[in-house]
Amino acid sequence: MLLEKLPLHVDVLIVGGGPIGALVVQRLAAAGINALLVDAKPRIEADPRALALSWASFEALDRVGLWGEELTATAITKVHISQQGTIGRTELLASELGLPALGFVVDYDKLARRAFNTLSESTAKAALGYRVSKITRLARFAQIKIDGPKGEEQLTARLVVLADGGQLISQLDDIIQTIKPYHQHAILAKLTPSEPHGGMAYERFANDTTMALLPNGKDFTLVWPQSPELASKRLAMSEDDFIQEVSRRFSGRIAGFSSVASRASWPLALKTLNSVVGRRVVLIGNAAQTLHPVAGQGLNLGLRDATTLAELIISTRQDEIGEAAQLARYARLRKKDADLVTHFTDGLITYFDHPGPLLKHGRSLGLIAMDQISWLRKGFAKRMVFGAR
């Protein structure tokens, strides 16, 4: 339900209308919680990014109507992980977990558009094209100033949920963000394989970087981190030269590629907080942590944030929403999963990107061991699909 005039008070205000914020407001609305979502964007623009969503994320989105045929999602049934120049490799299989798929690849703009569409079609209250300009947090509630099509409006809320990617962190004096630059840009491109991919995703620890190929329709979406200088040069390459550069790093694993399109790049950094909760506020998704994309865990982690928070609010008495005890409980519930995924993703970059023959062959032996020890392989796959429980 899209509103043209904001209410004076809500129990929960969600800032950010992407999949994560939309999941929270849909869950709360279904439970009868007085919640409102606002987003500064009136519509979703084109975006070249593709997302790898785990099976658990698919289930969470589908439960609240955020999944649909228009997403044209591509199932990932297998993930092939290998080290270039060695025999080290392993495969994660959906069948080993008793699942139809490990996850799905969707285009970000299609998923975000689906989230916006559900806001207008459901009973959840939302206001699009409304930008939060100021948050004043008091003992019993937060006062929020919002710039909308008709000028400034104000409302109060027991709890403010920031699912805005971190745009409003600077207003929170009790929360500190730490940024670790990777000094890398990620090239994103669509590559058409010479042979059908069969639902296989690839994680490749090449000699000079860590790369990923995600099955996306009949194509692959490539995620290729590298220095900003190399990214600039490779974006300017001819199609043939670019394909050769990628093919060389996947030699022996993929037959090759016939074409490339939609090349783009963006800078990479790890962003974390000293706390994901503060006075009358909680941060989720990319507002809480922004990860390196190569492991494809960022949105999955954020959706688990959203699910946990929604379930906690639903189980909380109205007069306890936004209270310090509730927020402390949320932080405890999410700490293990967030810490493990953050350290794992950061470790992929710092450990697997480290040059040297000893480390290279050590990584190869690790992959061989995972391939041979079924409980280790299945445990790792479960963690990637469902997070730390």
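## Exercises on cores and helix packing

Leaving aside neighbours within four places in sequence, leucine 28 is in contact (heavy atoms within 4.5 Å) with Val12, Ile14, Ile33, Ala35, Ala310, Ile313 and Ile314. The model is predicted: local features need pLDDT of at least 70, side-chain atom pairs count only at pLDDT 80 or more, and totals for chains, interfaces and linings use all residues. Residues are numbered from 1 along each chain as its sequence is written, and side-chain values use heavy atoms, leaving out hydrogens and water.

**Exercise 1. Find the residues with the most contacts inside the largest nonpolar core.**

Step 1. A nonpolar core is a set of buried (under 20% relative accessible area, 1.4 Å probe, protein chains only) Ala, Val, Leu, Ile, Met, Phe, Trp, Tyr and Cys residues, joined through side-chain atoms within 4.5 Å.

Step 2. Take the largest core. It has 80 residues, and Val12, Ile14, Leu28, Val282 and Ile284 have the most contacts inside it.

Step 3. Look for the main contributor. Helix H6 (residues 298-314) gives the most, with eight residues. Helices are DSSP runs of H or I, at least four residues, numbered from the N terminus.

Step 4. Check for another core. A second, separate one has 27 residues, including Val132, Ala142, Leu172 and Ile175.

**Exercise 2. Describe how H1 packs against H3.**

Step 1. Get the geometry. H1 (residues 19-30) and H3 (residues 108-121) pack at about 30°, with axes 9 Å apart. Axes are lines fitted to C-alpha atoms over the stretch in contact, and angles run from 0 to 180 degrees between N-to-C directions.

Step 2. Classify. H1 is therefore roughly parallel to H3, a label for angles under 35 degrees.

Step 3. List the contact. H1 supplies Pro19, Ala22, Val25 and Gln26; H3 supplies Tyr108, Leu111, Ala115, Thr118 and Leu119.

**Exercise 3. Describe how H1 packs against H6.**

Step 1. Get the geometry. The axes of H1 and H6 come within 9 Å and cross at roughly 20°.

Step 2. Classify. That angle makes H1 roughly parallel to H6.

Step 3. List the contact. Pro19, Ile20, Leu23, Val24, Arg27 and Leu28 of H1 meet Leu299, Gly302, Leu303, Ala306, Thr307, Ala310, Glu311, Ile313 and Ile314 of H6.

**Exercise 4. Is lysine 5 buried or exposed?**

Step 1. Read the accessibility. Lysine 5 has 64% relative accessibility, so it counts as exposed; the cut-off is over 50%.

Step 2. Find its partners. Not counting residues up to four places away in sequence, lysine 5 touches Tyr130 and Glu153.

Technical notes: Helix = DSSP H or I, 4+ residues; strand = E, 2+ residues; numbered from the N terminus. Parallel < 35°, antiparallel > 145°, perpendicular 65-115°, else oblique.
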